[in-house]
Amino acid sequence: IVVVYGWASPLIQHNKAVALQAAIGEVLKNQAECDTLFFSGDSLATQLPSGVDPKRVERVYLGYDAGHRRIGFAIAAAEPGFQDIVRVIFGYDPASQQLLGMKIIESKETPGLGSKVETDSAFVGQFQGALTPLVGGKPDRHQAGDQHQVDMITGATISSRAVIRIINNALARLGPALERYSREAK
């Protein structure tokens, strides 16, 4: 088992990196390039802070279009869902406080129910252009014009709430650093 793990580990890491780059492109709408930023303390930096374990530092990705104009940040975050940890990546523009897109990158939620947070295009699509902080609501009670509301999936309420909570908590934690970095690094 140890030999197989040693052989497969680099392949697994490579495949995860490729999948992450594809997910970043999806939530930032096919950026031309992106920088990796490191979140430490309460700020973002282009270099890994000295003395910080690279495996334990949170990364944020800043995307640029072909004209090297900033598109926004791609943020990966994870928290418990109904059955297990749900891993999400989402695009965010701090200037408008709008989401640019959202993708589930890992979920073991109940197939056919909780898994709809990943497969239901109507649910996933409503994150594009949504204003933060997000508020979950029932589709039949949607307030017309409320860009903060995300309609939850009937039968997958806990999983839907988990996705909303993951995004809101990530922005509560990272939001001030994203805004500061956007102002300072222009």
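Q: At which residue does helix 4 bend, and by how many degrees?

A: This is a predicted model, so read the angle as a property of that model. Helix 4 bends at Leu174, by about 55 degrees. A proline, Pro176, follows within four residues.

Q: What span should helix 4 have, and what do its end C-alpha atoms give?

A: Helix 4 covers residues 157-184, which is 28 residues. At 1.5 Å a residue, the helix should span 40 Å. Its end C-alpha atoms lie 39 Å apart, which agrees.

Q: Is Leu44 buried or exposed?

A: Compare its relative accessibility with the cut-off. Buried means under 20%. Leu44 has 10%, so Leu44 counts as buried.

Q: Which strands pair with strand 3, and in which sense?

A: Count the bridges and note the direction. Strand 1, residues 33-40, pairs with strand 3 in the antiparallel sense over 7 bridges. Strand 4, residues 70-80, also pairs with strand 3 in the antiparallel sense, over 5 bridges.

Q: How many residues of strand 3 are buried?

A: Start with the general idea. In a regular strand the side chains alternate between the two faces of the sheet. Now the case here. Strand 3 runs over residues 58-64 and is mostly covered, with 5 of its 7 residues buried.

Q: What is the phi of His68, and where is His68 found?

A: Look for positive phi in residues other than glycine. His68 is not a glycine, yet its phi is positive, about 60 degrees. His68 is found in the loop between strand 3 and strand 4. Those two strands form a hairpin with 5 residues between them. With a relative accessible area of 45%, His68 is partly exposed.

Q: What is the phi of Gln97, and in which loop is Gln97 found?

A: Apply the check again. Gln97 has a positive phi near 55 degrees and is a residue other than glycine. Its loop lies between strand 5, residues 85-93, and strand 6. Gln97 has 37% relative accessibility, so it counts as partly exposed.

Q: Which residues does the cis peptide bond join?

A: Read omega. The cis bond joins Thr132 and Pro133, with omega about 0 degrees. Pro133 sits in the loop between helix 3 (121-125) and strand 7 (135-137).

Q: What is the volume of the largest pocket, and which residues are closest to its centre?

A: Begin with volume, then go to the lining. The volume is about 890 Å³. The lining has 19 residues, and Lys16, Leu20, Ala76, Arg87 and Ile105 are the closest to the centre. Helix 1 (2-27), strand 3, strand 4 and strand 6 (98-106) each give two or more residues to the lining. Helix 1 gives the most, with 6 residues.

Q: How many residues in the lining of the largest pocket are nonpolar, polar and charged?

A: Sort the lining by class. It has 10 nonpolar, 1 polar and 8 charged residues.

Terms used. Residues numbered from 1 in each chain as written. Predicted model: local features only at pLDDT ≥ 70, side-chain atom pairs only at ≥ 80, totals over all residues. Heavy atoms only, no water. Buried < 20%, exposed > 50% of the residue type's maximum accessible area, 1.4 Å probe, protein only. Pairing = 2+ DSSP bridges. 1 Å grid on protein atoms, 1.4 Å probe; cavity = no way out; pocket = protein on both sides within 12 Å on 5 of 7 lines; lining within 4 Å. Points joined across faces, edges and corners; volume = space filled by probe spheres on them. Nonpolar A, V, L, I, M, F, W, Y, C, P; charged D, E, K, R; others polar. Expected span 1.5 Å × (residues − 1). Bend = angle between axes of the 7 residues up to and from the residue.
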